Amino acid sequence: MNRLPSADVLEKVRDIPIYRSSVELGHFPILEKPEIARGFPDNWMTPELARALEAGEAEFVLSTGTNHARMQLIRPPYFLLRSYYRLWSEHPDLGASWHAGARRVSLTTVLATEHVARVNARKPGATPGERWLDDRTLYLNLRLDPADWDRDEVERMLAEIREAATAHSGAGYLLDCSGYHLAHLIRKVSAWGLWDAFPRPVGIVHAYEYTPLNVRAYLRAHFDCPVVDLFGSTELGYLFYSDTEGDYRPYLKDMSVELIPVEPDSGIHSLIVTSVRNPYMPLVRYRSGDCVRTRDGSADPERIVSFCGREKELLPTPGGPVSQADLDARIAGICTRVFQYQLRLTDEVGSHLSYATFDDAPLSPGETAELSASVTALTGRTCQVEHRTGIPIGRSGKYAWLTSSDPS
C-alpha cells in the first residue's frame, strides 16, 4: 500500500535525508520507530534544523517510554504542552474555562512530576523540586503507587488544589489526570470524609493511558462537569478528543490519519499518521503503535469509537487479536464495581484474571462464573478469576492489563 503525501507535505520533507529516496521514487512506505532511530540525528538533519538547534528553537528529547521503548526526538521547546493548551482552548466543553484563566492541576504518574522538576531545575534561579510547569500547570503526585497515598499526602494535594482553584476568581480549575489516579483519590477522600476540602473542577481530562469504562463512569458519578478523553503521544501531540457523550472527534491540525487492519476481519486497526505539526521532525506515514476500533469495522478515521491499546500488547487468540478495550468491555458488561484488573497468561491454554473493586468487596459467585466464562470465550483460554485488594503498579506508574508467567 502506498499513499503519497500531499504536495505541501512533500515540499516540507523533500530535503530531509530520511525521506529523500521516498521522494525520488514516489513511494512512501510506512515509517516504523526503528527507522526513525537508525542514523539519528543525521537522518533528520538539514541546514535549517542545525540552525534551529544552535539557536535553541529545537531540542533533543526522549519519548516517555512508559509502554514502549524510549525514542529520541527533535522538537520545539514545549511542543507537547502547546499542543495540549491549544486543544484545551478550542475544545467545545473546556475552552470557555481555559480562556477565563482556569489553572490546570495535573494528577498523573510520579514520573511526569519528576520530569517537570528536572525541567524547572534547568531554569535560572530555580527552586528545588518546583512542580509548577508554568503559570498555568501544577503537578501533584509525589509517589509511584497512588494506593500508597496516606492521609497527610491526600490533604497536601487537596490544599494545593484549593490554592490553584482560587488563583483566578470565578475561573476554577481544570483537572488533568490519569483516570486511575483520580479514582484512587476519590476513594481515599470518601474513606476519610474529606469531600468538603476538595473543590470541584470545572472540567476533567484523562489523557495518559487507556481509561477503563468503569473508571470513566466512576469519575462521572462523582463530578458534575465535563469528563473528556484526549488521545495523543509525545512525538505527535494530540490527535483526537472526546465530547461529553464519549464520542471521539479528530483534532488533526497539520495532520492526516490512515487506518490499516492489524489482521483481516479483526476490526482492529493500526494508526498511521502523517504530521508536519512538528516542523523539525515531520512524520510521514508513521506507525504510532496505537490501535483503534471503528463503529462499523471500516478504515474510516471519522468512525473511531475506541483507542483500544498498543499494537505490541495485543493478545493473539484463535478468534483473532484481542485488545485491552475488548477485555475491558467484557468486564464492564458484567460488573460496574470492578476498578482494576490484570490478565496473566499462565501457560499456552490458561489464564488468570485478578481484579479489585471500588468498594473492596468481591464479586458474587454468579458474577465470578460469568466473568470467567466471558474471558474464556474472548481469549480461547480457560480463565480463573481472583479478587484482590489491589493490582500492582508498574515502574512507569501505569498498570499493565496483560502479563505472562514466563519471566522472559
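**Exercise 1. The second largest pocket**

*Solution.* Some ground rules before we start. This is a predicted model, where local features need pLDDT of at least 70, side-chain atom pairs count only at pLDDT 80 or more, and totals for chains, interfaces and linings use all residues. Residues are numbered from 1 along each chain as its sequence is written, and side-chain values use heavy atoms, with hydrogens and water left out.

Step 1: On a 1 Å grid over the protein atoms alone, a pocket is an open set of points where a 1.4 Å probe fits, with protein on both sides within 12 Å along at least five of seven lines; lining residues have an atom within 4 Å of a point. The volume is the space filled by probe spheres set on the points, which are joined across faces, edges and corners.

Step 2: read off the volume, about 350 Å³ for the second largest pocket.

Step 3: go through the lining. It has 20 residues, and Tyr-210, Leu-213, Arg-216, Val-305 and Ser-306 lie nearest the pocket centre.

Step 4: sort by element. Helices and strands here are DSSP runs numbered from the N terminus (helices: H or I, at least four residues; strands: E, at least two). Helix H10 (213-222), strand S7 (227-233), strand S13 (304-310) and helix H11 (324-334) each supply at least two lining residues.

**Exercise 2. Rings and charges**

Find how many aromatic pairs the structure holds, then classify Tyr-19 with Phe-28 and Tyr-248 with Phe-307.

*Solution.* Step 1: set the rule. Rings of Phe, Tyr and Trp (its six-membered ring) pair if their centres lie within 6.5 Å; planes under 30 degrees apart are stacked, over 60 edge-to-face, and the rest tilted.

Step 1: count. There are 18 aromatic pairs in the structure.

Step 2: take Tyr-19 and Phe-28. Their ring centres are 6.1 Å apart and the planes meet at 40°, so call this pair tilted. Both residues are buried (under 20% relative accessible area; exposed is over 50%, partly exposed in between, with a 1.4 Å probe and protein chains only).

Step 3: now Tyr-248 and Phe-307. With centres 4.9 Å apart and planes at 80°, the pair is edge-to-face. It ties together distant parts of the chain, since Tyr-248 is in strand S9 (residues 248-250) and Phe-307 in strand S13, 59 residues apart. Tyr-248 is buried at 10% relative accessibility, and Phe-307 is buried at 9%.

Step 4: look for a cluster. Ring pairs link Tyr-84, Tyr-85, Trp-88, Trp-98 and Tyr-238 into one.

Step 5: A charge sits over a ring if NZ of Lys or CZ of Arg is within 6 Å of the ring centre and within 35 degrees of the ring normal. The charged end of Arg-136 does this over Trp-98, 3.6 Å from the ring centre. Arg-216 lies over the face of Tyr-210, at 5.8 Å from the ring centre.

**Exercise 3. Helix H9**

Is helix H9 mostly covered or mostly exposed?

*Solution.* Step 1: the expected span is 1.5 Å times one less than the number of residues. H9 (residues 179-191) has 13 residues and reaches 18 Å from first C-alpha to last, close to the 18 Å expected.

Step 1: H9 is mostly covered, with eleven of its 13 residues buried. Among them are Tyr-180, His-184 and Arg-187.

Step 2: just past the end of H9, Gly-193 takes a positive phi of about 60°.
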